Amino acid sequence: MVILEIFHRNARSRAARAQVEIARLGYMAPRLREAAKLAGPQGRQRSGEGGRGAGESQTELDRRKIRDRIAELQLEIVAMDAERKTQRARRQERKGLAAVALVGYTNAGKSTLMRALTGSEVLVANKLFATLDTTVRALYPESVPRVLVSDTVGFIKNLPHGLVASFKSTLDEALDASLLLHVIDASDPGFERQLEVTDEVLEEIGANVVPRIRVFNKIDHVGDAAAQAECEAALRAKYPDCIVMSARRPDEVAKLHHKIVEFFQQDLVETEIFLPWTAQQLRGEIYANCQVLEERSDNDGAFFRVRSEADVIKKIREQCGVE
Ligand SMILES: Nc1nc2c(ncn2[C@@H]2O[C@H](COP(=O)(O)OP(=O)(O)OP(=O)(O)O)[C@@H](O)[C@H]2O)c(=O)[nH]1
Ligand SMILES: [Mg+2]
(Lines give C-alpha, C1' and ligand atoms only; values in the text may rest on other atoms or scores of the structure.)
(Ligands and ions follow the chains in the order given, each with its own letter.)
Protein backbone atom coordinates (compact mmCIF):
# COMPACT_ATOMS: atom_id res chain seq x y z
CA MET A 1 0.00 0.00 0.00
CA VAL A 2 2.86 2.35 0.79
CA ILE A 3 4.46 1.70 -2.59
CA LEU A 4 1.12 2.29 -4.27
CA GLU A 5 0.77 5.57 -2.41
CA ILE A 6 4.23 6.73 -3.52
CA PHE A 7 3.50 5.78 -7.10
CA HIS A 8 0.19 7.61 -6.87
CA ARG A 9 1.85 10.81 -5.69
CA ASN A 10 4.52 10.76 -8.37
CA ALA A 11 2.46 9.73 -11.36
CA ARG A 12 2.38 12.68 -13.70
CA SER A 13 1.28 11.57 -17.14
CA ARG A 14 -2.19 10.27 -17.93
CA ALA A 15 -0.75 6.85 -18.65
CA ALA A 16 1.12 6.62 -15.35
CA ARG A 17 -1.96 7.75 -13.40
CA ALA A 18 -4.18 5.18 -15.08
CA GLN A 19 -1.63 2.45 -14.41
CA VAL A 20 -1.33 3.35 -10.75
CA GLU A 21 -5.10 3.47 -10.36
CA ILE A 22 -5.47 -0.01 -11.82
CA ALA A 23 -2.87 -1.34 -9.41
CA ARG A 24 -4.66 0.37 -6.51
CA LEU A 25 -8.06 -0.98 -7.44
CA GLY A 26 -6.61 -4.42 -7.99
CA TYR A 27 -5.13 -4.24 -4.51
CA MET A 28 -8.38 -3.05 -2.93
CA ALA A 29 -10.84 -5.44 -4.55
CA PRO A 30 -9.93 -8.63 -2.65
CA ARG A 31 -9.83 -6.67 0.63
CA LEU A 32 -13.37 -5.34 0.41
CA ARG A 33 -14.91 -8.29 2.24
CA GLU A 34 -12.59 -7.69 5.20
CA ALA A 35 -13.47 -4.01 5.19
CA ALA A 36 -17.18 -4.82 5.08
CA LYS A 37 -16.85 -7.22 8.02
CA LEU A 38 -15.22 -4.49 10.03
CA ALA A 39 -18.01 -2.05 9.10
CA GLY A 40 -20.64 -4.33 10.69
CA PRO A 41 -24.00 -5.60 9.40
CA GLN A 42 -25.45 -2.18 8.49
CA GLY A 43 -22.59 -1.45 6.20
CA ARG A 44 -22.88 -4.74 4.42
CA GLN A 45 -26.46 -4.76 3.18
CA ARG A 46 -28.13 -2.08 1.09
CA SER A 47 -30.76 -4.07 -0.73
CA GLY A 48 -33.11 -2.75 -3.33
CA GLU A 49 -31.55 0.67 -3.56
CA GLY A 50 -31.90 2.33 -6.96
CA GLY A 51 -33.58 -0.83 -8.21
CA ARG A 52 -30.17 -2.20 -9.02
CA GLY A 53 -29.33 -5.73 -7.99
CA ALA A 54 -31.90 -6.16 -5.22
CA GLY A 55 -30.32 -8.13 -2.42
CA GLU A 56 -26.87 -7.57 -3.82
CA SER A 57 -24.52 -6.83 -1.00
CA GLN A 58 -22.65 -3.57 -0.89
CA THR A 59 -19.42 -5.50 -1.19
CA GLU A 60 -20.50 -7.11 -4.45
CA LEU A 61 -21.70 -3.81 -5.80
CA ASP A 62 -18.39 -2.17 -4.95
CA ARG A 63 -16.54 -5.06 -6.52
CA ARG A 64 -18.52 -4.67 -9.71
CA LYS A 65 -17.80 -0.94 -9.79
CA ILE A 66 -14.11 -1.65 -9.37
CA ARG A 67 -14.16 -4.21 -12.17
CA ASP A 68 -15.91 -1.74 -14.47
CA ARG A 69 -13.44 1.01 -13.62
CA ILE A 70 -10.46 -1.30 -14.19
CA ALA A 71 -11.88 -2.33 -17.57
CA GLU A 72 -12.36 1.33 -18.49
CA LEU A 73 -8.82 2.23 -17.46
CA GLN A 74 -7.43 -0.74 -19.35
CA LEU A 75 -9.14 0.47 -22.51
CA GLU A 76 -7.60 3.89 -21.98
CA ILE A 77 -4.18 2.33 -21.55
CA VAL A 78 -4.57 0.25 -24.69
CA ALA A 79 -5.37 3.45 -26.59
CA MET A 80 -2.39 5.23 -25.06
CA ASP A 81 -0.17 2.24 -25.82
CA ALA A 82 -1.18 2.46 -29.46
CA GLU A 83 -0.23 6.12 -29.40
CA ARG A 84 3.12 5.34 -27.81
CA LYS A 85 3.76 2.63 -30.38
CA THR A 86 3.15 5.10 -33.20
CA GLN A 87 5.53 7.53 -31.58
CA ARG A 88 8.10 4.82 -31.14
CA ALA A 89 7.69 3.68 -34.74
CA ARG A 90 8.15 7.26 -35.85
CA ARG A 91 11.34 7.47 -33.82
CA GLN A 92 12.64 4.28 -35.37
CA GLU A 93 11.98 5.59 -38.83
CA ARG A 94 14.37 8.40 -38.22
CA LYS A 95 17.65 7.33 -39.67
CA GLY A 96 20.56 6.47 -37.51
CA LEU A 97 18.40 5.39 -34.62
CA ALA A 98 20.50 4.35 -31.71
CA ALA A 99 18.77 4.04 -28.37
CA VAL A 100 20.13 3.57 -24.90
CA ALA A 101 17.94 3.14 -21.81
CA LEU A 102 18.88 3.89 -18.21
CA VAL A 103 17.57 1.19 -15.91
CA GLY A 104 18.13 0.32 -12.29
CA TYR A 105 16.94 0.47 -8.73
CA THR A 106 15.05 3.50 -7.55
CA ASN A 107 17.27 6.39 -6.40
CA ALA A 108 20.38 4.99 -8.14
CA GLY A 109 20.84 8.24 -10.07
CA LYS A 110 19.31 7.40 -13.46
CA SER A 111 17.64 10.77 -13.94
CA THR A 112 20.76 12.61 -12.79
CA LEU A 113 22.79 10.73 -15.39
CA MET A 114 20.11 11.35 -18.01
CA ARG A 115 20.40 15.05 -17.26
CA ALA A 116 24.17 15.01 -17.38
CA LEU A 117 24.29 12.99 -20.60
CA THR A 118 21.68 14.97 -22.49
CA GLY A 119 22.00 18.43 -21.00
CA SER A 120 18.28 18.40 -20.28
CA GLU A 121 16.10 19.24 -17.34
CA VAL A 122 14.75 15.95 -16.05
CA LEU A 123 13.22 15.60 -12.61
CA VAL A 124 15.81 14.53 -10.07
CA ALA A 125 14.79 14.03 -6.49
CA ASN A 126 16.10 12.29 -3.46
CA LYS A 127 12.96 10.25 -3.05
CA LEU A 128 11.82 6.84 -4.13
CA PHE A 129 10.21 6.48 -7.55
CA ALA A 130 10.79 10.08 -8.56
CA THR A 131 10.44 9.01 -12.16
CA LEU A 132 7.34 7.19 -13.30
CA ASP A 133 7.26 8.18 -16.93
CA THR A 134 9.81 7.50 -19.55
CA THR A 135 11.52 10.51 -21.02
CA VAL A 136 13.58 10.40 -24.18
CA ARG A 137 16.29 12.91 -25.09
CA ALA A 138 19.21 13.00 -27.50
CA LEU A 139 22.71 12.50 -26.21
CA TYR A 140 24.48 15.85 -25.94
CA PRO A 141 26.95 16.87 -27.34
CA GLU A 142 25.36 15.20 -30.35
CA SER A 143 27.13 12.27 -31.89
CA VAL A 144 27.16 10.28 -35.10
CA PRO A 145 25.00 8.29 -35.07
CA ARG A 146 22.61 10.37 -33.01
CA VAL A 147 21.87 8.48 -29.79
CA LEU A 148 18.54 8.68 -27.94
CA VAL A 149 18.67 8.23 -24.19
CA SER A 150 15.62 7.19 -22.20
CA ASP A 151 15.09 7.30 -18.46
CA THR A 152 12.82 4.66 -16.90
CA VAL A 153 10.92 3.92 -13.72
CA GLY A 154 13.10 2.64 -10.90
CA PHE A 155 12.90 -0.97 -9.75
CA ILE A 156 12.45 -2.17 -6.21
CA LYS A 157 12.55 -5.43 -4.30
CA ASN A 158 9.15 -7.07 -3.86
CA LEU A 159 7.49 -4.68 -6.23
CA PRO A 160 3.86 -5.79 -6.18
CA HIS A 161 3.40 -8.01 -9.18
CA GLY A 162 0.48 -5.96 -10.46
CA LEU A 163 2.70 -2.93 -10.60
CA VAL A 164 5.35 -4.67 -12.65
CA ALA A 165 2.64 -5.57 -15.16
CA SER A 166 1.22 -2.05 -15.01
CA PHE A 167 4.52 -0.48 -15.84
CA LYS A 168 5.43 -2.96 -18.48
CA SER A 169 4.60 -0.53 -21.25
CA THR A 170 6.96 2.01 -19.70
CA LEU A 171 9.64 -0.62 -19.50
CA ASP A 172 9.15 -1.55 -23.13
CA GLU A 173 11.37 1.41 -23.74
CA ALA A 174 14.16 -0.67 -22.21
CA LEU A 175 13.35 -3.50 -24.59
CA ASP A 176 13.53 -1.20 -27.58
CA ALA A 177 16.95 0.03 -26.63
CA SER A 178 20.07 -1.36 -28.28
CA LEU A 179 22.00 -0.79 -25.09
CA LEU A 180 21.06 -0.73 -21.42
CA LEU A 181 22.93 1.27 -18.83
CA HIS A 182 22.28 -0.52 -15.59
CA VAL A 183 22.82 2.17 -12.96
CA ILE A 184 23.76 1.03 -9.47
CA ASP A 185 24.26 3.18 -6.36
CA ALA A 186 27.76 2.07 -5.30
CA SER A 187 27.45 3.99 -2.03
CA ASP A 188 24.49 1.90 -0.91
CA PRO A 189 25.64 -0.95 1.36
CA GLY A 190 22.84 -3.10 -0.06
CA PHE A 191 23.72 -2.46 -3.68
CA GLU A 192 24.37 -6.11 -4.53
CA ARG A 193 20.86 -7.12 -3.64
CA GLN A 194 19.54 -4.16 -5.64
CA LEU A 195 21.64 -5.24 -8.58
CA GLU A 196 20.11 -8.72 -8.43
CA VAL A 197 16.60 -7.28 -8.23
CA THR A 198 17.18 -5.25 -11.37
CA ASP A 199 18.61 -8.28 -13.16
CA GLU A 200 15.52 -10.25 -12.18
CA VAL A 201 13.09 -7.59 -13.40
CA LEU A 202 15.00 -7.25 -16.67
CA GLU A 203 14.72 -10.98 -17.14
CA GLU A 204 11.02 -10.85 -16.33
CA ILE A 205 10.34 -8.29 -19.04
CA GLY A 206 12.57 -10.14 -21.50
CA ALA A 207 15.22 -7.42 -21.64
CA ASN A 208 18.06 -9.69 -20.53
CA VAL A 209 19.04 -10.17 -24.17
CA VAL A 210 19.85 -6.48 -24.63
CA PRO A 211 23.58 -5.67 -24.26
CA ARG A 212 24.22 -4.10 -20.90
CA ILE A 213 26.85 -1.93 -19.25
CA ARG A 214 26.92 -1.81 -15.47
CA VAL A 215 27.40 1.72 -14.23
CA PHE A 216 28.37 1.98 -10.57
CA ASN A 217 27.35 5.52 -9.69
CA LYS A 218 27.79 7.79 -6.65
CA ILE A 219 31.39 6.71 -6.06
CA ASP A 220 31.96 10.25 -4.69
CA HIS A 221 29.60 9.28 -1.87
CA VAL A 222 31.74 6.32 -0.73
CA GLY A 223 33.89 7.65 2.12
CA ASP A 224 37.23 9.38 1.51
CA ALA A 225 39.51 9.10 -1.53
CA ALA A 226 41.15 5.92 -0.23
CA ALA A 227 37.82 4.23 0.44
CA GLN A 228 36.64 5.25 -3.03
CA ALA A 229 39.74 3.81 -4.69
CA GLU A 230 39.37 0.57 -2.75
CA CYS A 231 35.68 0.29 -3.62
CA GLU A 232 36.42 0.98 -7.28
CA ALA A 233 39.14 -1.68 -7.41
CA ALA A 234 36.85 -4.25 -5.79
CA LEU A 235 34.05 -3.48 -8.25
CA ARG A 236 36.34 -3.69 -11.25
CA ALA A 237 37.67 -7.04 -10.09
CA LYS A 238 34.19 -8.45 -9.58
CA TYR A 239 32.50 -6.87 -12.60
CA PRO A 240 34.95 -6.61 -15.49
CA ASP A 241 33.86 -4.03 -18.09
CA CYS A 242 31.88 -2.06 -15.56
CA ILE A 243 32.04 1.70 -15.23
CA VAL A 244 32.68 3.26 -11.83
CA MET A 245 31.80 6.94 -11.68
CA SER A 246 29.95 9.85 -10.18
CA ALA A 247 27.21 11.65 -12.06
CA ARG A 248 28.48 14.78 -10.30
CA ARG A 249 31.91 14.67 -11.98
CA PRO A 250 31.73 16.11 -15.51
CA ASP A 251 34.91 14.35 -16.69
CA GLU A 252 33.47 10.97 -15.70
CA VAL A 253 30.15 11.77 -17.38
CA ALA A 254 32.15 12.64 -20.52
CA LYS A 255 33.83 9.22 -20.33
CA LEU A 256 30.48 7.49 -20.14
CA HIS A 257 29.28 9.61 -23.06
CA HIS A 258 32.32 8.45 -25.01
CA LYS A 259 31.71 4.81 -24.13
CA ILE A 260 28.10 5.03 -25.34
CA VAL A 261 29.10 6.64 -28.63
CA GLU A 262 31.83 4.03 -29.05
CA PHE A 263 29.28 1.25 -28.62
CA PHE A 264 27.13 2.65 -31.40
CA GLN A 265 30.06 3.28 -33.66
CA GLN A 266 31.12 -0.36 -33.63
CA ASP A 267 28.89 -1.03 -36.60
CA LEU A 268 29.95 2.00 -38.58
CA VAL A 269 31.83 1.59 -41.81
CA GLU A 270 34.62 3.84 -42.97
CA THR A 271 34.58 4.78 -46.63
CA GLU A 272 35.00 7.54 -49.17
CA ILE A 273 32.16 9.44 -50.83
CA PHE A 274 32.72 11.45 -53.98
CA LEU A 275 30.46 14.45 -54.40
CA PRO A 276 30.51 16.08 -57.83
CA TRP A 277 30.38 19.88 -57.85
CA THR A 278 26.89 19.57 -59.31
CA ALA A 279 25.63 17.82 -56.15
CA GLN A 280 27.04 20.15 -53.50
CA GLN A 281 23.61 20.54 -51.91
CA LEU A 282 24.30 17.14 -50.30
CA ARG A 283 27.29 18.44 -48.42
CA GLY A 284 25.13 19.40 -45.43
CA GLU A 285 23.53 15.97 -45.46
CA ILE A 286 26.93 14.29 -45.28
CA TYR A 287 28.00 16.39 -42.32
CA ALA A 288 24.70 15.82 -40.54
CA ASN A 289 24.75 12.04 -40.87
CA CYS A 290 28.37 11.03 -41.02
CA GLN A 291 31.49 11.57 -39.09
CA VAL A 292 33.70 13.34 -41.62
CA LEU A 293 37.32 12.31 -41.15
CA GLU A 294 38.75 14.18 -44.10
CA GLU A 295 37.62 16.39 -46.97
CA ARG A 296 39.60 17.21 -50.10
CA SER A 297 38.66 18.34 -53.59
CA ASP A 298 39.79 18.29 -57.20
CA ASN A 299 38.46 19.66 -60.48
CA ASP A 300 35.40 17.41 -60.53
CA GLY A 301 34.19 17.60 -56.98
CA ALA A 302 34.88 16.84 -53.33
CA PHE A 303 35.97 13.62 -51.61
CA PHE A 304 34.84 12.89 -48.10
CA ARG A 305 36.42 10.23 -45.96
CA VAL A 306 33.53 9.33 -43.66
CA ARG A 307 32.30 6.96 -41.00
CA SER A 308 28.63 6.14 -40.78
CA GLU A 309 26.11 3.35 -40.93
CA ALA A 310 26.14 1.34 -44.13
CA ASP A 311 22.57 2.23 -45.10
CA VAL A 312 23.12 5.94 -44.50
CA ILE A 313 26.11 5.86 -46.83
CA LYS A 314 24.16 3.89 -49.40
CA LYS A 315 21.38 6.49 -49.33
CA ILE A 316 23.76 9.41 -49.76
CA ARG A 317 25.49 7.67 -52.66
CA GLU A 318 22.16 7.08 -54.34
CA GLN A 319 21.31 10.76 -53.96
CA CYS A 320 24.70 11.71 -55.42
CA GLY A 321 23.95 9.60 -58.44
CA VAL A 322 27.21 7.75 -57.87
CA GLU A 323 27.21 4.09 -56.98
N1 LIG B 1 26.55 11.96 -4.23
C2 LIG B 1 25.92 11.65 -5.36
N3 LIG B 1 24.58 11.76 -5.43
C4 LIG B 1 23.98 11.44 -6.58
C5 LIG B 1 24.70 10.98 -7.71
N6 LIG B 1 23.83 10.72 -8.70
C7 LIG B 1 22.61 11.01 -8.21
N8 LIG B 1 22.68 11.45 -6.93
C9 LIG B 1 21.56 11.84 -6.07
O10 LIG B 1 20.74 10.72 -5.81
C11 LIG B 1 19.36 11.08 -5.71
C12 LIG B 1 18.51 10.29 -6.67
O13 LIG B 1 18.82 10.63 -7.99
P14 LIG B 1 17.83 10.41 -9.21
O15 LIG B 1 18.62 10.74 -10.43
O16 LIG B 1 16.53 11.09 -9.01
O17 LIG B 1 17.61 8.83 -9.10
P18 LIG B 1 16.74 7.87 -10.03
O19 LIG B 1 17.54 6.64 -10.24
O20 LIG B 1 16.29 8.60 -11.24
O21 LIG B 1 15.52 7.53 -9.06
P22 LIG B 1 14.02 7.08 -9.44
O23 LIG B 1 13.49 8.03 -10.47
O24 LIG B 1 13.33 7.16 -8.14
O25 LIG B 1 14.09 5.67 -9.93
C26 LIG B 1 19.33 12.59 -5.98
O27 LIG B 1 19.31 13.26 -4.74
C28 LIG B 1 20.62 12.86 -6.72
O29 LIG B 1 21.08 14.17 -6.56
C30 LIG B 1 26.15 10.87 -7.61
O31 LIG B 1 26.88 10.47 -8.52
N32 LIG B 1 26.68 11.21 -6.42
MG1 LIG C 1 14.44 9.08 -11.89
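Visitor: What is the strand order in the open sheet?
Guide: Six strands make up this open sheet, ordered β2-β3-β1-β4-β5-β6, with mixed pairing. Strands here are DSSP runs of E with at least two residues, helices are runs of H or I with at least four residues, and both are numbered from the N terminus. Two strands pair if DSSP finds at least two bridges between them.

Visitor: Which strands stand at the edges?
Guide: β2 and β6 (243-244) do; each has a single partner strand, so one side of each lacks a neighbour in the sheet.

Visitor: Before we go on, what kind of model is this?
Guide: It is a predicted model, in which local features need pLDDT of at least 70 and side-chain atom pairs count only at pLDDT 80 or more, while totals for chains, interfaces and linings use all residues. Residues are numbered from 1 along each chain as its sequence is written, and chains are lettered from A and ligands numbered from 1 in the order in which they are written.

Visitor: Back to the sheet. How many bridges link β1 and β3?
Guide: Five bridges link β1 (residues 98-104) with β3 (residues 147-151), in the parallel sense. Within β3, S150 is the residue opposite A101.

Visitor: Which helices pack on the sheet?
Guide: α6 packs on the sheet and touches β1, β2, β3, β4 (179-185) and β5 (212-217), its direction making about 155° with that of β3. Helix α11 (residues 250-265) also packs on the sheet, touching β1, β3, β4, β5 and β6, at about 120° to the direction of β3. The axes are lines fitted to C-alpha atoms, for helices over the stretch in contact, and the angles run from 0 to 180 degrees between N-to-C directions.

Visitor: And β4, is that mostly covered or exposed?
Guide: β4 is mostly covered, with six of its seven residues buried. A residue is buried if 20 or more other C-beta atoms lie within 10 Å of its own, exposed if 12 or fewer, and partly exposed in between, with C-beta atoms placed from the backbone.

Visitor: What joins β4 to β1 and β5?
Guide: β1 and β4 run parallel and are joined by five bridges; L181 of β4 is the bridge partner of L102. β4 and β5 are likewise parallel, with six bridges, and N217 in β5 stands opposite D185. From β4 the chain crosses through α9 to β5, a right-handed β-α-β crossover (with the strands pointing away from the viewer, the path from the first strand over the helix to the second runs clockwise).

Visitor: Which residues touch the most others in the largest nonpolar core?
Guide: Among its 40 residues, V100, A101, L102, V147 and V149 touch the most other members. Such a core is a set of buried Ala, Val, Leu, Ile, Met, Phe, Trp, Tyr and Cys residues joined through C-beta atoms within 7 Å. β1 gives the most to this core, with six residues.

Visitor: What does V149 contact beyond its sequence neighbours?
Guide: Leaving aside neighbours within four places in sequence, V149 is in contact with V100, L102, M114, L117, T118, R137 and L139. Contact requires C-beta atoms, placed from the backbone, within 7 Å.

Visitor: Changing topic, where is S120?
Guide: S120 is found in the loop between α6 (110-118) and β2 (135-138). S120 is partly exposed, because 16 other C-beta atoms lie within 10 Å. Beyond neighbours within four places in sequence, the contacts of S120 are R115 and R137.

Conventions
Contact = placed C-beta atoms within 7 Å.
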